[in-house]
Amino acid sequence: MGEHAETEESQVHLGLEENGPPVELRQRKKPKSSENKESAKEEKISDIPAPERVPKHVLFQRFAKIFIGCLAAVTSGMMYALYLSAYHERKFWFSNRQELEREITFQGDSAIYYSYYKDMLKAPSFERGVYELTHNNKTVSLKTINAVQQMSLYPELIASVLYQATGSNEIIEPVYFYIGIVFGLQGIYVTALFVTSWLMSGTWLAGMLTVAWFIINRVDTTRIEYSIPLRENWALPYFACQIAALTGYLKSNLNTYGERFCYLLMSASTYTFMMMWEYSHYLLFLQAISLFLLDIFSLKQNDKVYEVYKIYIFSLFLGYLLQFENPALLVSPLLSLVAALMLAKCLQLNVKKGSFVAKIIKVINFYLVCTLTITLNIIMKMFVPHKENGHMLKFLEVKFGLNMTKNFTMNWLLCQESLQAPSQDFFLRLTQSSLLPFYILVLIICFLSMLQVIFRRINGKSLKETVTLEDGRIGERPEIIYHVIHTILLGSLAMVIEGLKYIWIPYVCMLAAFGVCSPELWMTLFKWLRLRTVHPILLALILSMAVPTIIGLSLWKEFFPRLMTELMELQEFYDPDTVELMTWIKRQAPVAAVFAGSPQLMGAIKLCTGWMVTSLPLYNDDDLLKRNENIYQIYSKRSAEDIYKILTSYKANYLIVEDAICNEVGTMRGCRVKDLLDIANGHMVCEEGDKLTYSKYGRFCHEVKINYSPYVNYFTRVYWNRSYFVYKINTVISFQS
């Protein structure tokens, strides 16, 4: 017994001497399971070497680098916001104009958004103002709408609260406060792009290059110059913050505090983004697809990806409750996809990574998620009553040639420049600023490196926990995989619909700047080229500094003088005819009058006068789209009686005919409003085989100006100038042809 005990004790001593000093064991009996766990923890702790103390000069260098980078990021955002403010002032000569002239600069749907901001400021209390907006019957005739839900007016609610709560009404005019907030958000937008590029490359030089490319290509990166109150101008800065937080969250070498900060920032920005824009959940759907593919290609960040899915679910349901139980969020493809991913995870089996069974399960899991997503979305649409964006599906069918239509609304949408494929000028502008060539180079290297990693994983080769510069495997970093997939998805859509370039191009700037400033990307390229004449690491470090410096100097030389010239030029927004029209309406028209005309003009009338209108320039509501089509019939070949019946069905009192639409010649033939109406009414042959219906009536907008019967029996001209003709719709008439 004694020899046996001594042997057992000596074996234990030998097993522990490898990792540390021998431990004397007094008990020779078999330990319990809890004791086993404790001893295992002690062994694990003893295995970890004590962290070495970082020298003070290294800490100072890190602090200086972070401080300078943060200072550069904040300065870039502030300078961009100031630039936008100065450019807006020079373009519209804003400070020297009367309030009416300032408001006319808000065109189309922008005018509607700003008008509700004015209504909130006029309300006796915030609660009363919100109630009037949610039960609004003073905007569109014969229609009560929840304007907050339908038009996503949360930015206007927040702006009005801030304006009154901060006492700004005694310091600054409402319009300056409003546009100041939007310009400030654009500064945050640029700062977020700066930080994202910095996080990916490790140098704030990439952030500076991102900002330079963003401003130089601002024609393709933002619509802030043309329409300030657009929902995307309020929402995309939060989306940029969310992507910056997500980029940091996906990094492998992030500490616990940084991870928590990124998670909280991501949660807050995701929810805010969803509240600011009615189409935000579609963008988040694309992001969720990118994360799903990242989860398939990389097993490192599996738990983090599912934490992001939880943020989506939380934001969707909280948004559903606070957006007056908005059914669009319940039938959103984002909710269906995330629910499918969660269900698939519950059904997932624990198998050895890299084995053949694991690969088969990955394929089955992919198929299961796709099937469940479609099934859940169909089920939700069956049980949740909704009318959300049905016209969007019809538009996409026509856009991709799956269906043909003569419908005015669909063809009008197809003719909009923002919904067409990008022109050659778009690619030429990006090439002249050197953005497109470097973006393609960076994307190709990252994509090929990502494919290399995927094939290594398929072949069962293990991947390193931490990727070093010498490895030259930039495609192993999960945040890089995510951004590559995301930019490919956004770019594919932007190649079909040009309006999506305002979402895609900012991330093109960020990705291209990250690539040229990243030593890892150059090292990956040199590994493939098997460069041996010069030390590859040294050359990669040199190029990561030299290339962006050369690009920056060339951009400064070519584009900086242009930016300064734009700020020096004093432009003027001159539209006296519209000013005269609005002045006449405010002075002569009855307060209870209802105006009919083109949706774009109706938005301006609602803002500048407050009078009720028959239609609005909004395209997310089927009833408003039908109203717009009916009111546009004033430019078709229809009888005076037909037009009269249409207008009186909406209780209109005044009709405004715009000479620019009636005599439109500038746009491409077939896309003019009158051409689209003739096609819809069968008065023009659209394709071979179509039946042409002859109209015995002339174009209404021409005929009504001549003042002869029967037009004078229905309409009486009460005001006109070079651009507008206003007719009072008679209430007592004798019907005659």
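How many disulfides are there, counting cysteine sulfur atoms within 2.5 Å as a pair? The count is 2 disulfides.

This is a predicted model: local features need pLDDT of at least 70, side-chain atom pairs count only at pLDDT 80 or more, and totals for chains, interfaces and linings use all residues. Residues are numbered from 1 along each chain as its sequence is written, and side-chain values use heavy atoms, with hydrogens and water left out.

**Stop 1.** Select cysteine 415 and cysteine 671. Their sulfur atoms sit 2.1 Å apart in a disulfide. The link is left-handed, with -75° about the S-S bond. Cysteine 415 is in helix H20 (residues 408–415), and cysteine 671 is in the loop between H31 and H32, 256 residues apart. Helices here are DSSP runs (H or I, at least four residues), numbered from the N terminus.

**Stop 2.** Select cysteine 662 and cysteine 701. They form a disulfide, S to S 2.1 Å. This link is right-handed, at 80°. Cysteine 662 lies in H31 and cysteine 701 in H33 (residues 700–703), so the pair ties together parts 39 residues apart in sequence. Cysteine 662 has 0% relative accessibility, so it counts as buried (under 20% relative accessible area; exposed is over 50%, partly exposed in between; 1.4 Å probe, protein chains only). Cysteine 701 is also buried, at 0%.

**Stop 3.** Go to serine 115 in helix H5 (residues 109–122). Serine 115 is buried, at 1% relative accessibility. Not counting residues up to four places away in sequence, serine 115 touches Lys606 and Leu607, where contact means heavy atoms within 4.5 Å.

Methods
Helices (H or I, at least four residues) and strands (E, at least two) are DSSP runs, numbered from the N terminus. A disulfide is a pair of cysteine sulfur atoms within 2.5 Å.
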